[in-house]
Each structure stands twice: as structure tokens, then as C-alpha cells.
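Here are a few friendly notes to read alongside the model. Keep the viewer open and find each place as you go.

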Amino acid sequence: MYKYFNSRALRWMQTMTFAIKEINKRSDLLPQLKLGFHIRDSCDDIPVSLRASFLLVNGQPESVHRDKGPESNLGCAAVQRTVSPVIIGGAASGVSMALMRSLGSFHIPLVSYFASCSCLSNQREFPTFMRTMPSDAFQVRALARLVSYFGWTWVGVIGLESDYARFAIQLFLQESVQYGVCAAYTHFYPVVLSQQALDELLDIIQMASSKVIINFCSESEMKGILREIRRRNITGLQWIASEAWATAKSLWAKFGDLLTGTLGFAIRRADVIPGLKHHLSSLKTSDIHESAFLAEFWEEMFNCRLNGSVNSHSHDGDNYLDRLPCKGTEDLNDVYSPYSDVTQLRVSYNVYKAVYLVAHALQDMSNCIVGQGPFPNSTCADPKNFKPWQLIHYMKRANFSALGERVSFDENGDPIAYYDLLNWQRKPDGSLDLVKVGFYDASLPSGRSLIINDSVIQWPVGKQWLNFASQGSRSVCSDSCPPGFRIARRKGEPICCFDCVTCAEGEVSNMTDSLECLRCSKETWPNKARDLCIPKTIEFLSYHELMGIVLCVVSVLGACISLSILIIFFTYKDTPLVRANNMELSFLLLVFLAICFLVGLLFIGEPSDWLCRIRYPAFGISFALCISCLLAKTAVVLMAFRSTLPGSNIMKWFGPNQQRASALLGTTVQVIICLIWLLTSPPHANNNTDYHSVTIIVECVTGSEVGFWCVLGYIGILACMCFLMAFLARKLPDNFNEAKFITFSMLIFFAVWITFIPVYVSTAGKYTVAVHIFAILASAFGLLFCIFAPKCYIIIVKPEKNSKKNMMQR
């Protein structure tokens, strides 16, 4: 077993000896075997570790101790050469990697209790490596989830120049991308922290905007960094500790004010290892003299010198030879030391499990049935004389319980990862309280693997999280984009640095930090905040709005006026004025004008397919009827004067039947046009979402544009013919014809519809419909008033002129 010489490492060593003693006393585990051990100091140095490992695997000239406490590394008198079939160590990832590369050809199993580098999970490169310490791959995943949970997307990442930190930081940078977390900076510093190295590191920390720092190092390097931070008076930092220093209580005494609120993941803790506390504190003078490790620890702890000790080093300038001899009455229970502190049995628990792993592998080997073994020809290994590669076979398949926890390993030789999330909190007396505020369990589904209790977390300087965040320690490169905006990456900068761009017209984003905006459907439109699609306003010319009401009233009024004139004409049908103006055609014209007025009502209200298929043909046919009647009236007047010429019998072709037939014939052509239109591509209702962004225009589309313009064109042809004939009859005696009024009404008709065409084309929605209705009403009123108003005036106001004598005057 290899160790760092400090109190914690000594506790780890003693935990191994305790576990071996405990196993050797059990009757249910390895009853036919006794475990022994060699202990050598690695000095946390690769060359020293390699030298010691080769001594262990090649046999060493020292006796093997069983149940007698740790072996002394002193003396060379023993002659027995014993080969160690398995090594428990080393603590550092770099040392473990060096050992595995050197011991690989010997197939010696190496079980580490503290090496966490994910690189050691490579079974092709390190096939005989196992560990009871979770791989950093799991710790890094937990760290990425942690910073993402608190919204820290802009964090500083620093680490010791070592394989452990280098691989961990590389994994963190890869893992954090999927959570939207970026590194404001990454920096590696040397093991020996010179002032230049500290200045370089602290300059980076001070210049960066990130207030959250993840540090992959051990407590010794952390001391130097904190010392410089205090000298520069840097405050407001949120430290995230890697498991290597997440429980380093020794930092609290001098730097508690800087470390309050620190969060870090620590490996699974054993609440208690029964008997370990007594084993650690019950050291006797005889035990101490047998081990150079314990002797050095004892002298440093009590600042005395053991009789017969060969230690000649000094610490912090103290003269070792000036120390007083140890009295022999010193008691570890009277002083505090990390050695005897069993409140955070984490690495010690890993050591305990590592020893039991070997023991259970040997037990499984002992239980092998001859002829059913896992080795060639179904052979079994001899537990008292086996090869190291045979032991690793059973170790990788080990599955046992240790202090109530189920211990098993994956295909890479890694245990199932479980971490406690610890928060460094200050007790009322000023001491450190490592409070468990959550955990990470890799065996749970990804969404539930990290559990955090925010309410019990103590943040830096004792402030609550909201206050802590408001002081600028939210640690983000760019503020989150609220709903209604999307993220726009800044070219050449990390993904956490971005601008917030308002969603384009017609698009929304309903989440914070949306990468893109979603387009609303054709029936919906973004609200003002652009975070929700709301139904568009439906627009059509309604009976309930002012414009619709006015047009409706005018249409009905026009129809009433037409019918009123009809009644007047019918009442005075026997008078010369009514009889002289082709009474039958006048009655028909008034009825058709009333229909034209009422057709305008078909254009008001919400369009539907059947309404659209009625309104356009009704409009075209009603106006065709009106113009056809006017054309017949004008033709009759014109032909009546031509028939007065000698020998002319032309009027026989313009009798009442012919007049009615001509009006119907003129209308029949329009009916045929409308039928062809309806059968080929009829008008239909349509929801127009293209013209106005926030409005759905419910409109009637013509279906066939050709059909629509043919209907208008035919009305125009009839109007032109009527205008031409009225123009030819303009010089006839005024008392006998209405050519002047028809001419004037046709001019109004042309003016209305010529103006209608560009206005109709340039408007949309209900205003297009209103223009159409206005054109219908204006042209109908033009015909009505120009032709019938003068006659009504004479009939009602000047009845004396409504006489045959007056009508016959030239």
C-alpha cells in the first residue's frame, strides 16, 4: 500500500491493517486463509513508487506480518522472499498510471482507493486495474449538472498540472456543452506554486467576469491559492471543489471566510466503521516502534523524540535533537488530529472496501468446483498458490456487501458512482460544518441522478442565493434571453456568449434561451411580447359595424324608393306622361332597380361558399336586366321617330312583345356567362392570411378571374350600346323622349364603374366589399334618379304638365 505522509494518509494505512485483522478473525470469510501485507511509502513520487512496487512483486527481503500491525520498512535481516499477488494503491492517478504501465507485463492487479482519473478506465491499456474510487467521468458529469442547476453558464476551470486534473477538465469541457455551460477560462498551475505561477493564476481570476470557479487539485495546492487570494483581498468567489479537497477541513482554520458556501462532491461516506475508532486511538509504544510511519507521526503529533528513533529530519526549522523524549503517557484521545477523525470516513471507506474486494475474490476462488472452473479445461486456481492474473478474474466479478452497501463493478473495473454534495457552512462557534445538501447517484436515470435541497445551502458571506445573484455573482457571459427572443451566437466566442434577438414577424419563442423562434400557424399571430401565438382577428364586412349598417340602410332605402316610384307610376298609369314613356318597360326597370339595390345586401355578412356563388351572378344578372330595359326603351324611342317616315313599317318589330323579348335576350347572354362561370371555377369563400399579418380576411374569391371580368365586361357592353343609342336620340323633341336622361344616367354609370376598377384592385378585405357595394348603389341611384326623378316631379309637383296637350307641344 502506498500513501502520502500526512495524518489522513496514515489513517488510510491503519484502516487497511484494521480490515485485514477483521477479515482474519472472521469464520465466514476465508476460514482457511490468513491475509498478510507489506507496506511501503510511495512519497507521492513516481520513481519511489516504481522502486517499491518492483520490490513487492519480485519479493522483498523482509518478513510478512500477519495480525501484528504494520510492518517496519527498516532492517534487512529477514531472508524470506515473498511476492505480493495484489497491490492496494496508489492514491494519486499519475502514480497509478505509472505503476500500471510498469506492472502490466506481470499482470499484477492494482486496486486504487483514491485514483479517480477517467483515463484509468481504459481496460485495453490497464487491464488489471480496479478501484473503489469512482471515475472522474461521473464526478465531471455531476459537476456539469450542478453548475447548470444553478444557472452558472460562465465558470472558471482551473487545475493542477497533473493527469488527474488534465483529464478531468477535458471531460468537463466536453460534458458541459450539452448543458449550455462554458468555461470563461481554463488554467493549469504547477505542483510547486511559485509566486510567478500564483500571479499568473490570480490575474486570470481577477480579470475574468466569472465568479464561479471549479478547482481540480488537492488541499496543499489550495492553501497556496487561498493565501494569495487573501493577500489581494479578492471576495465574492463561489468555489466548486473537486472530490480531492471537498472534505479538506484543514483549510477552514485559516481560510474559512473565503470558503464559506463552497460546494463540492465527496465520495460515499461510511457513517461508521465499527471498531475503527478504537483501533486508531489505541496505539501502544510497542506498535509505534515497529513502524517508521507511526513513529514519525507520534513524534510530530506530540513534538517529542522516541528513544531509539532514527528520525533525524526537522520540520519548519525545528531542531529534532532538541526535542524532549516522549514520556510514554501520550494519548491520542487528548488531542485532535485528522488521523483519529472518523466523522468523514470516505477515502478510508474506500480502503476498507478495497481490502474486502481482495478477500471476496479469494473466497470466490476458494469456492470454485473442480471441473467447473473459469480457466482452461475448466480448471480452478489454488487459493494458496495462484497466479495474479487468476485473482483479477475473480476481482472483476466480485459482488459483495460492505457495511450494508452493495459493492459491484462495471466492465471497466469502476464502482457504481455515488457522491454526496457538501456545502461548507460556518457553525455559530465558527467551526466548519460539512452539510450534505444533495447527492448524485449515477445508477439513477439522468433526469433524477442529481438531487439538491436549495433551502439548506449557505452561500458565500452567509447571503441567501437571491442576494448572492443580485450582487453580480450569477456567473454568466450573457444574460438569458427571455421568451419572445432567440439566441444569436457571437462569431468566434463560446456558445455561452450571445446576443438576444427579437423574434421575427410572425414568430414566437415561449422558452428562455430559445435557439430559434417558431412560426405561428396561418390562423394565429404573435402577441405583443412575441411569446405566444394568439388567434388572428377575423375581418369581414359585418351587419354589426357602422359601415355595414350604413350600406345596409342605403340599400334598403334604394329598394324602397324604387318600389315607391313603381307605386306612383302604377297609380298614374293612365296619365299621358306614364303612357308616353313606355309604361311596361318602366315598370320592369323599377323592379330590376329594386333588385339591384337589394343585391348589395348579399355582399354584407360573413362570406360562405353558397353566398359567394349567389352574390356575383345576382349582381351581374340584375344589372344586365336594368341596362337591357334601358336599351329597349331607347331603341323604341329612336325607332318610333324613324317609323313616321313615309312607307316605314318598322314599329311592327318593336311592339310590347318584342320589347320584352329584347330585354330578356340581353339578360340571357349574362345568364349563360354566369352558368359557365359557376360550372367551371365558381366563386368561393377564402381565409386570406397574406394581406394583413394580424388579420384573417374572410373574403369571396372569384374563382375564375375571367368569369368575373366577363360579367363586368358584358354589363359595360350593354351600357355602351345604350349610351350610343341615347346619344343618337338626343336631338329628338324633349317632350317625347327621355334620351337626355338616359344619356346622363349612362355617363354616371360609366364614371362609377371606371372609378371602381382601380379602387377595387388596390383595396383588400372588407373595404373591397364596401367599394363594390358603393358602386352598385351609386350606379343604381344614378339610373333611378336621372330617369325617374323628373317624371315624378311632374306627376307630383306639376300635375298640370301631365296632359296630352302639353305632351304634344314641340
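1. Which cysteine does a disulfide join to Cys481? The partner is Cys500, with an S to S distance of 2.0 Å. Please keep in mind that this is a predicted model. If the word is new to you, a disulfide is a covalent bond between the sulfur atoms of two cysteines.

2. Now look at where this pair sits. Cys481 belongs to the loop between helix H14 (465-473) and strand S16 (485-489), while Cys500 is part of strand S17 (residues 498-502), so the bond ties together parts that are 19 residues apart in sequence. The torsion about the S-S bond is about -95°, so this disulfide is left-handed. Cys481 has a relative accessible area of 0% and is buried, whereas Cys500, at 33%, is partly exposed.

3. Cys503 lies in the loop between S17 and strand S18 (507-508), and Cys517 in the loop between S18 and strand S19 (518-519); the two are 14 residues apart. Is each end buried or exposed? Cys503 counts as buried at 1% relative accessibility, and Cys517 counts as buried at 10%, because the cut-off for buried is under 20%.

4. Cys520 and Cys533 form another disulfide, with their sulfur atoms 1.9 Å apart. Its S-S torsion is about -85°, so it is left-handed. Cys520 sits in the loop between S19 and strand S20 (524-526), and Cys533 in strand S21 (residues 533-535), 13 residues away. Cys520 is buried, at 10% relative accessible area, but Cys533 is partly exposed, at 27%.

5. Let us turn to a sheet. Eight strands form an open sheet in the order S7-S6-S8-S9-S10-S13-S14-S15, with mixed pairing. Why is one side of S7 and of S15 left without a neighbour? Strand S7 (182-189) and strand S15 (450-452) stand at the edges and each has a single partner strand, so one side of each has no neighbour in the sheet. On average, neighbouring strands are turned by 25° against each other, direction ignored.

6. At the S7 end, strand S6 (residues 154-160) pairs with S7 in the parallel sense over seven bridges. Val157 has Thr186 in S7 as its bridge partner. Helix H8 (residues 252-259) packs on the sheet and touches strands S9 (238-241), S13 (418-426) and S14 (432-441). The direction of H8 makes about 90° with that of S13.

Note on methods. Residues numbered from 1 in each chain as written. Predicted model: local features only at pLDDT ≥ 70, side-chain atom pairs only at ≥ 80, totals over all residues. Heavy atoms only, no water. Pairing = 2+ DSSP bridges. Helix = DSSP H or I, 4+ residues; strand = E, 2+ residues; numbered from the N terminus. Axes fitted to C-alpha atoms, helices over the stretch in contact; angles between N-to-C directions. Contact = heavy atoms within 4.5 Å. Disulfide = S-S within 2.5 Å. Buried < 20%, exposed > 50% of the residue type's maximum accessible area, 1.4 Å probe, protein only.
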